[in-house]
Amino acid sequence: MQNYNWRCFIISTKKELEINEEIRDKEIRVIGADGSQLGVMSPDKALKMAEDENLDLVKIAPTAVPPVCRIMDYGKYRFEQQKKEKENKKNQKVVDIKEVRLSINIDTNDFNTKVNQANKFLKNGDKVKVSIRFRGREMAHSKLGLDVMQRFGEAVVGGTIEKPAKLEGRSMMMFLAPVNNK
């Protein structure tokens with residue numbers, strides 16, 4: 001005799017509602033298609049009522065005692081749920097993090113260009129990561145890098161400092177977030 005090793009894989013992480021013949025409770029509380037209470041009855045009787053109206057019996061509250069089922073058009077319900085999810089996804093704003101790199105001996109015009117870039121990113125609603133990479137002997141002058149970062153934070157118009165400048169290894173980073181004018 002061969003020993004088969006069977007495995008079950010969950011295809012979807014989202015738990016679907018039990019409908020029609022999948023409902024195996026002894027008794028259920030039934031709500032009609034119009035929202036009226038039809039009382040506690042057996043699933044067979046409720047399923048017969050749903051089929052008479054050409055609708056589905058859907059378990060909407062499985063943890064209640066007894067479980068609550070509703071008579072509704074399940075296909076229409078699923079379509080509306082997917083439509084709502086799609087609408088919510090469309091209204092979400094994805095915030096990107098843009099990076100602006102500076103150096104401790106940055107010139108005035110380069111500094112102003114980087115400030116303008118950061119302002120443009122913040123105006124578009126993105127967060128800005130400002131970084132300075134220390135090379136060689138520059139590590140001994142981390143105070144100069146901190147001064148450049150503070151000057152940069154003050155020069156940027158469209159944002160506020162979310163995380164102040166912090167030295168991590170050979171680089172110093174600061175995060176700027178857009179100001180909400182809503």
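Here are some worked exercises on a predicted model.

## Exercise 1: Charges over rings

Task: Find which residue places its charged end over the ring of phenylalanine 111, and which residue lies over the face of phenylalanine 175.

Solution: 

1. Over the ring of phenylalanine 111 sits the charged end of arginine 151, 4.3 Å from the ring centre.
2. For phenylalanine 175, the residue over the face is lysine 163, at 5.3 Å from the ring centre.

## Exercise 2: Reading a sheet

Task: Give the strand order of the four-stranded open sheet and say which strands stand at the edges.

Solution: 

1. The order is β2-β1-β4-β3, with mixed pairing.
2. The edge positions belong to β2 (37-41) and β3 (56-61). Each has a single partner strand, so one side of each is left without a neighbour in the sheet.
3. From one strand to the next, the twist averages 30°.
4. Valine 58 stands opposite arginine 70 in β4.
5. While you are here, look at the loop between β3 and β4, where proline 66 lies. Valine 65 and proline 66 are joined by a cis peptide bond, with omega about -15°.

## Exercise 3: Salt bridges

Task: Among the seven salt bridges, describe those of lysine 127, aspartate 147 and arginine 101, including how exposed the partners are.

Solution: 

1. Recall the idea behind the search: side chains of opposite charge can pair when their charged atoms come close.
2. Lysine 127 is bridged to glutamate 162, and their closest N and O atoms are 3.1 Å apart. Lysine 127 lies in strand β6 (residues 127-133) and glutamate 162 in strand β7 (residues 159-168), so the pair ties together parts that are 35 residues apart in sequence. Lysine 127 is partly exposed at 26%, and glutamate 162 is partly exposed at 38%.
3. Aspartate 147 is bridged to lysine 143, with the closest N and O atoms 3.5 Å apart. Both residues lie in helix α4, four residues apart, about one turn of the helix. Aspartate 147 is partly exposed at 33%, whereas lysine 143 is exposed at 56%.
4. Some bridges share partners, joining Glu18, Asp25 and Lys59 into one network.
5. Arginine 101 is bridged to glutamate 99, with 3.5 Å between the closest N and O atoms. Arginine 101 is exposed at 59%, while glutamate 99 is partly exposed at 39%.

## Exercise 4: The largest nonpolar core

Task: Identify the residues that touch the most other members of the largest nonpolar core, then find which element gives this core its largest share.

Solution: 

1. The core has 20 residues, and those touching the most other members are Leu102, Val128, Val130, Phe152 and Leu176.
2. At least two residues of this core come from each of β5 (97-102), α3, β6, α4 and β8 (171-178).
3. The largest share, five residues, is supplied by α3.

## Exercise 5: Positive phi

Solution: 

1. Asparagine 20 has phi near 45°, a positive value in a residue other than glycine. Asparagine 54 also is not a glycine, and its phi is positive at about 60°.
2. With 16% relative accessibility, asparagine 20 is buried. With 70%, asparagine 54 is exposed.

Definitions and conventions:
Residues numbered from 1 in each chain as written. Predicted model: local features only at pLDDT ≥ 70, side-chain atom pairs only at ≥ 80, totals over all residues. Heavy atoms only, no water. Lys NZ or Arg CZ within 6 Å of the ring centre and 35° of its normal. Pairing = 2+ DSSP bridges. Axes fitted to C-alpha atoms, helices over the stretch in contact; angles between N-to-C directions. Salt bridge = Lys/Arg side-chain N within 4 Å of Asp/Glu carboxyl O. Buried < 20%, exposed > 50% of the residue type's maximum accessible area, 1.4 Å probe, protein only. Core = buried A, V, L, I, M, F, W, Y, C linked by side-chain atoms within 4.5 Å.
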